[in-house]
Amino acid sequence: WLYWTYKAVGNYKKALEFYERHEEAQKEKYKEAKKKNIQELHAQFETKEKEAEIKRVKELEEMKTRFFSQITHELRTPVALIKGPLQEIRKESDPAKIDHFANIIERNSDRLLLLINQLLDLNKVESKMMEIQLSTGSLSDFIERLVNSFNVQAEYKKIELKLSQNSPKDLLQFDADKFEKIVFNLLSNAFKFTPPHGSISVVTEFYSLEEELTEFSLTVTDSGIGIANEEIDRIFDRFYQAGTDAHFTTQGTGIGLSLVKELIELMKGKLEVESELGVGSSFCVSFPLRKALKAESDLTPQIPVLFSHELPCSTEEGIAKKEKTPLLLLVEDNRDMQLYVSHLLKDRFQVLQAYNGAEGVEMAKEYIPDLIITDVMMPKKDGYQLCEELKNEVLTSHIPIVMLTAKNSNKSRIAGLTKGADIYLGKPFQAKELDLSLSNLLVLRSEMQKKFNEQLVNFESKEELELATGKFEELALESQFLKRVMDKIEENLDAENFTSNALAKKMFLSNSQLYRKIQALTNSSVTKFIREYRLCRAKSMLLNGGYTVQDAAFNVGYSLSYFSRSFKNQFGVSASTLLDSPKA
Ligand code: ADP
């Protein structure tokens with residue numbers, strides 16, 4: 001305000017001086033504020049950057065971890081399928097069986113080699129060590145051979161495989177090895193992600209560009225599960241696998257497409273993808289290629305198509321065998337592993353097979369097997385989910401579960417055991433180790449049966465029985481189940497025609513489900529269980545007084561003569577002696 005004062009009194013010189021001083025101060029202030037603003041913006045920008053960076057690093061770490069666990073699975077499984085069958089060959093003298101195991105070994109060593117070669121190739125392109133090696137030949141013949149090598153798989157998976165090519169006879173210069181890798185990967189993926197009864201087509205087109213240059217394109221289209229829009233760009237990233245919930249398949253490493261992309265770039269080609277979830281995918285690659293005048297040699301594809309079309313024996317055959325051998329359900333998505341493990345077990349068990357976790361759960365509920373062996377990484381439902389679901393379901397809660405898996409870390413082991421797995425075996429495993437584990441589980445089961453039987457069959461009053469069934473904390477679901485069964489019998493105690501079928505109906509179970517569950521818990525048939533329950537109830541009536549033998553027989557649905565005979569058979573004393581000597 002000094003400026004105003006001087007101005008008012010007419011001292012303009014002083015006023016100007018103060019005005020300028022004021023301006024200067026304002027400017028300084030403004031500069032300060034601007035500097036501060038910039039600093040703040042910088043700081044904000046840096047935190048954002050840092051956060052983004054942290055997120056990127058975290059994502060990369062997660063991808064790496066997933067890759068390692070996946071690659072371990074992908075490496076351990078074939079190794080297990082080389083080591084195991086090799087040991088069987090050593091013991092075997094039947095040439096047909098030796099041949100069968102040799103096939104498994106061959107397929108799995110090829111798989112191992114393919115995987116290692118892919119890893120090496122990826123490393124090679126990344127470090128710019130991969131070179132193009134041109135040979136001359138008919139590219140369309142080469143592609144025809146390559147596509148044809150998938151015929152057996154197409155037939156087996158009931159997938160229609162079509163190939164159409166225009167102008168097929170041109171001789172071209174191309175890198176056969178890299179072409180093969182590209183087409184092989186695209187076709188393998190198409191087969192992997194297309195369900196049975198779908199279709200896959202390969203279309204090639206050649207356009208003459210100039211005198212000696214041809215534009216070549218190849219499109220692989222499948223009617224498979226498709227890829228979500230937001231994932232299409234990422235599937236070419238190394239180790240990336242779309243749809244991580246693994247609902248369709250768990251085999252793979254996320255290397256294939258990243259290698260395809262690198263190889264195409266190396267060959268100055270282009271790659272386009274179109275895909276729609278649930279409809280299918282289409283991968284199109286195109287390259288400029290030089291024409292050639294004469295072929296050097298016949299080019300034949302080198303990569304073997306790895307896939308097991310040998311089928312283990314079917315479920316029906318498995319079940320029809322012998323009644324007395326225990327029933328075992330094997331849940332495993334790798335066919336060679338199925339073949340090998342079921343071979344190990346076939347003399348001691350009737351083996352049922354399921355090819356993924358969801359199928360495993362369904363079959364376990366339907367057949368109520370005596371034992372379950374399950375893999376961990378499987379499509380649709382993994383081994384942990386299977387375990388959790390079956391252990392919490394009354395019908396299947398008693399079934400011992402062995403997890404057989406290539407996920408060997410302590411963390412997965414503990415995860416498996418927490419979900420209720422009884423035993424966790426890592427691949428590769430020793431045949432002997434599996435055998436012993438299964439024997440131990442069967443011993444434990446007969447101990448459980450003994451425990452239940454002691455409590456159930458010789459009770460002397462209804463109250464005593466109710467106490468007893470509540471006694472086994474670790475077998476809570478099983479006790480509850482038996483209690484419900486006994487309640488149903490109790491409600492129909494005097495009904496002579498209350499058979500095992502009627503009981504099953506009351507329990508909302510099929511006859512065979514009820515049979516298998518009662519058999520598993522008590523080692524007796526449903527009919528025997530009902531009979532013993534009735535006789536025990538009659539015994540408690542007689543012991544506790546107030547009933548004649550005839551009353552008791554009538555109350556538990558027996559005719560008098562049949563009752564006396566059955567009673568004597570069951571307890572070794574006649575019913576009337578209990579009346580003469582009341583409970584001590
Ligand atoms: P991998 O097949 O070993 O998992 P790839 O790099 O070959 O690895 O493929 C990466 C992912 O891209 C796959 O996990 C899958 O989710 C998706 N994908 C590739 N090809 C197809 C296809 N034809 N249909 C649906 N999804 C596909």
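Which of the 19 residues around the ligand come nearest? They are Asn189, Asp222, Gln241, Thr253 and Leu257, where a residue counts as near a molecule if one of its heavy atoms lies within 4 Å of it. This is a predicted model, in which local features need pLDDT of at least 70 and side-chain atom pairs count only at pLDDT 80 or more, while totals for chains, interfaces and linings use all residues. Residues are numbered from 1 along each chain as its sequence is written, and side-chain values use heavy atoms, with hydrogens and water left out.

By class, the shell around the ligand has nine nonpolar, eight polar and two charged residues, with Ala, Val, Leu, Ile, Met, Phe, Trp, Tyr, Cys and Pro taken as nonpolar, Asp, Glu, Lys and Arg as charged, and the others, Gly among them, as polar. Helix 6 (176–192), helix 7 (256–266) and strand 7 (280–291) each supply at least two residues of this shell, and helix 6 gives the largest share, three residues; helices (H or I, at least four residues) and strands (E, at least two) are DSSP runs, numbered from the N terminus.

Turning to polar contacts, which are pairs of N or O atoms within 3.5 Å, an N or O atom in the side chain of asparagine 189 is 2.8 Å from an oxygen atom of the ligand, and a polar side-chain atom of lysine 192 lies 2.9 Å from a ligand oxygen atom. Serine 281 has a polar side-chain atom 3.4 Å from a nitrogen atom of the ligand. Of the 530 Å² of accessible area that the ligand has on its own, the protein covers 96%, as computed by the Shrake-Rupley method with a 1.4 Å probe.

Technical notes: A polar contact is a pair of N or O atoms within 3.5 Å; within protein, one must be able to donate a hydrogen and the other to accept it, and residues adjacent in sequence count only if both atoms are side-chain atoms.
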